[in-house]
Amino acid sequence: MEKRFITEEDVERYGQYLAECEKSRATIQKYQYYLTLFQRYVAGRELKKKQVVQWKEDMKRCLAAVTVNGAISALNGFFRYKGWDNYTTKFYKIGRQIFCPEQKELEKWEYERLVNGARSQGDERMVMVMQTIAATGIRVSELPYITAEAVRVGASAIACKGRIRTIILTAKLCRALQQYMEPRGIVSGPIFITRSGRPMDRSNIWRAMKRLGESCGVAGTKIFPHNLRHLFARTYYNQEKDLSKLADILGHSSINTTRIYTMESGKQHARQLEKLDLLVKDNRMCLLLYS
């Protein structure tokens, strides 16, 4: 059997292949990241199936199963691209969660604390970045679609994962964005850019939010740009109770994905269970108390 190795060139070519398949930039970066991690794990050795299985088990010791499955998806895709199907490995089976872990769920008051913290520090860019994501439910990778042109018409056509959907920018959000744009002379193109003029990305925003979280007293486990999208989804669903429309707004192809975004907290779930009142009172205890 032919000896097989993974090189940096393989990782680069795989990224080009994914781009030709019209995968999103965020997906390409994620897949190349995990493939690079595995390449370093193999450390130039000949590829063996047992290395794939061992790497999966090592990842599971320090990462959540859903994260490991994301890494497996990246590797399996690469193996199929190379025609090495016998190296693919199985995903971890994950039972469906019925509530969101409280330590990871960003509450509205915590979001407001982050926004007000950025405002007090004079970071108007982060004030508007966080509010724009929270008010529209867009992915962080879709932020470059929030342009000066989109603000003028109150809507943005977003192309992601092979689909195009229109996101409405409310009048209130457009006014706030216009007030942000005018003093900065932004008249065209993406609104949120770095000093070099490039659109802000996930890492820029995540680092800024981490700093805000530390100064504002918001737990680090909740500081992820994607949590702003989850906050939008929960707030919208609690108000409208329309899961199908929410799936369209978020750009989900499966409504099951949308259900994950609208999960209630563990505390809410516990309160609902308490309301069932299915524990039978022990009358013997009452007799003892009054005897």
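Among contacts in the protein chain between residues at least 6 apart in sequence, 60% join residues at least 24 apart, a contact being heavy atoms within 4.5 Å. What you are looking at is a predicted model, in which local features need pLDDT of at least 70 and side-chain atom pairs count only at pLDDT 80 or more, while totals for chains, interfaces and linings use all residues. Residues are numbered from 1 along each chain as its sequence is written, and side-chain values use heavy atoms, with hydrogens and water left out.

Now for the overall make-up. The protein chain has 14 helices and two strands; these are DSSP runs numbered from the N terminus, with helices being H or I over at least four residues and strands being E over at least two. Of its 291 residues, 41% count as buried. Here buried means under 20% relative accessible area, exposed means over 50%, and partly exposed is in between, using a 1.4 Å probe and protein chains only.

Let's start with the helices. Helix α1 (residues 8-20) and helix α4 (residues 65-82) have axes that come within 11 Å and cross at roughly 90°. That makes α1 roughly perpendicular to α4. On the α1 side, the contact is made by D10, R13, Y14 and Y17, and on the α4 side by A74, G77, F78, Y81 and K82. A word on the geometry: axes are lines fitted to C-alpha atoms, for helices over the stretch in contact, and angles run from 0 to 180 degrees between N-to-C directions. Angles under 35 degrees count as roughly parallel, over 145 as roughly antiparallel, 65 to 115 as roughly perpendicular, and the rest as oblique.

Next, look at helix α5 (residues 108-120) and helix α6 (residues 124-136), whose axes come within 7 Å and cross at roughly 155°. That makes α5 roughly antiparallel to α6. Their crossing is left-handed, meaning that the near helix is turned anticlockwise from the far one by less than a right angle (clockwise would be right-handed). If you want to find where they meet, pick out Y111, L114, V115, A118 and R119 in α5, which face E124, M126, V127, M130, Q131 and A134 in α6 as contact partners.

On to the strands. Six bridges join β1 (residues 155-160) to β2 (residues 163-168), and the two run antiparallel; strands pair if DSSP finds at least two bridges between them. Together β1 and β2 form a hairpin with two residues between them. C160 stands opposite R163 in β2. In the turn you'll find K161, with a positive phi of about 55°.

Is H252 buried or exposed? With a relative accessibility of 11%, H252 counts as buried. Leaving aside residues up to four places away in sequence, H252 touches R139, R163, R229, A247, T257, T258 and Y261. The side chain of H252 also has a polar contact of 3.2 Å with that of R229 and another of 2.9 Å with that of T258. A polar contact is a pair of N or O atoms within 3.5 Å; within protein, one must be able to donate a hydrogen and the other to accept it, and residues adjacent in sequence count only if both atoms are side-chain atoms.

Y237 is part of helix α10 and, at 24% relative accessibility, counts as partly exposed. Not counting residues up to four places away in sequence, Y237 touches D242, L243, L246 and T262.

A few loops are left to visit. K241 lies in the one between α10 (225-240) and α11. K241 isn't a glycine, yet has a positive phi of about 55°, and is exposed, with a relative accessible area of 54%. A43, in the loop between α2 (25-42) and α3 (49-62), also has a positive phi, near 55°, in a residue other than glycine. A43 is exposed, at a relative accessible area of 58%.

Finally, find T194 in the loop between α8 (171-181) and α9 (202-216). Its side chain makes a polar contact of 2.9 Å with the side chain of S196. T194 touches R125, P199, M200 and N204, again not counting residues up to four places away in sequence.
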